[in-house]
Amino acid sequence: MTAGPLRGALGVSCPSCGEPVGAADSFCESCGTELAAAEEYLPETEASPPGYVAQCPVCSVDPSASPGAISADGCCESCGRQVPSGRDHVELDLGWLAGVTDRGLRHPRNEDAMAFATAETAAGPVAVAVVCDGVSTSPRSDEASLAGTQAAVRMLLTSMRRGDDPTEASLAAVRQAHLALTSLGSSAQAPSATYISATISGEAVTVCWLGDSRAYWLATDSGARRLTADDSLAEELVARGDLSEADAMTSPQAHVITRWLGADVAEPQAHVVRFEPPGPGVVLVCSDGLWNYRPDAEGLAKLALPAAFTDPLGAASALLAFALEAGGMDNITVVLAPFPLAGPATVAEEDSAVTEAGFTVDVDQHSEEPA
């Protein structure tokens, strides 16, 4: 699906000073620059870009599903879901979790991608989600992100149905994503992307990542927290005490990543962390297009909750709207999964008692506790 009326209703930025301006404004209130129509500042796009192959976002990542044709009205003939006609704006709601990915206001195409799935297993319900953010300085970065998410979710879904350990399944999935990206190019011309996955069961959330896409635990109490640590120069500068977090995010190194997937990487060095939620909450997986504008977990929790408990797609769309209104300078991807996975409608009925959450870190992959 392409972006609807939401985009046209939002403001853009002044081309001279960068301050926000309204879509109908004739002059910038900050610097006085005369403004052309807002549409002139938006990159051109197509509903179905060249080379895009429409495919069902659910059946295409499920190895057990039969690939279905696309009907004349744009629906998958296997599962009946609406099939996106392009990648500028895609929404997906699986009940247990939901997400949205959007081109934003400045980029000519969406180089983010998301894929997720749910399964009933012998141990209970499981949800898996993967977000990849294409590295814009690499070739075919939009293809890289899509290939990575799809390959990883297929592996995660197969592994969890088989009853594999979530940590081992996560590492197998990131390797599969890496192989998918290496098949797209060479070390000299390497389509690349960041990577993050979340595997959610009845007991824990297992997160695996490289780069600066993030996972958060959102809760209505003070227990909201970031579950990941960025692979970026900015994060390293903050860790060494050279810069504050606020200064680091405005520095030229803010989004220079130090780990990614692609043919120019011999072997992906992924981080893995296992988080045991202390009670009801929501898992957020997102690209930097969202957290650029609200990096703290408590701030994101205030934006998403309590709506995300019962309407994860509506809450994800609200987070997208927030990022667009804040500037929309990058592609934006938001996936929300209420915990526990008994179904969003029953989350509010769970015991609200809170205990200290515990992390278990695979020290061979990641030696630092998340911030």
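The questions and answers below go from the chain to its sheet, its core and its spaces.

Modeller: This is a predicted model, in which local features need pLDDT of at least 70 and side-chain atom pairs count only at pLDDT 80 or more, while totals for chains, interfaces and linings use all residues. Residues are numbered from 1 along each chain as its sequence is written, and side-chain values use heavy atoms, with hydrogens and water left out.

Biologist: How many helices and strands does the chain have?
Modeller: Helices (H or I, at least four residues) and strands (E, at least two) are DSSP runs, numbered from the N terminus. On that basis, the secondary structure of the chain comes to nine helices and 14 strands.

Biologist: How many residues of strand β12 are buried?
Modeller: Buried means under 20% relative accessible area, exposed over 50%, and partly exposed in between (1.4 Å probe, protein chains only). In a regular strand the side chains alternate between the two faces of the sheet. Gly 281, Val 283 and Val 285 are buried on one side of β12, and Val 282, Leu 284 and Cys 286 are buried on the other. For β12 (residues 281-286), the count is six of six.

Biologist: What is the bridge partner of Cys 286 in β13?
Modeller: β12 pairs with β9 over five bridges, in the antiparallel sense. With strand β13 (residues 332-339), β12 pairs over six bridges, also antiparallel. The partner of Cys 286 in β13 is Val 334.

Biologist: Which element gives the most to the lining of the largest cavity?
Modeller: On a 1 Å grid over the protein atoms alone, a cavity is a set of points where a 1.4 Å probe fits but cannot get out, and a pocket is an open set with protein on both sides within 12 Å along at least five of seven lines; lining residues have an atom within 4 Å of a point. The largest cavity is lined by 18 residues, with Pro 57, Val 90, Met 114, Leu 146 and Gln 150 nearest its centre. Elements giving two or more residues to this lining are β3, β5 and α2. The largest share, four residues, is from β5.

Biologist: How much space lies in the largest pocket?
Modeller: Of the 18 residues that line the largest pocket, Asp 133, Ser 136, His 255, Asp 288 and Asp 330 lie nearest its centre. Grid points are joined across faces, edges and corners, and a volume is the space filled by probe spheres set on the points. The space in the largest pocket is about 440 Å³.

Conventions
Pairing = 2+ DSSP bridges.
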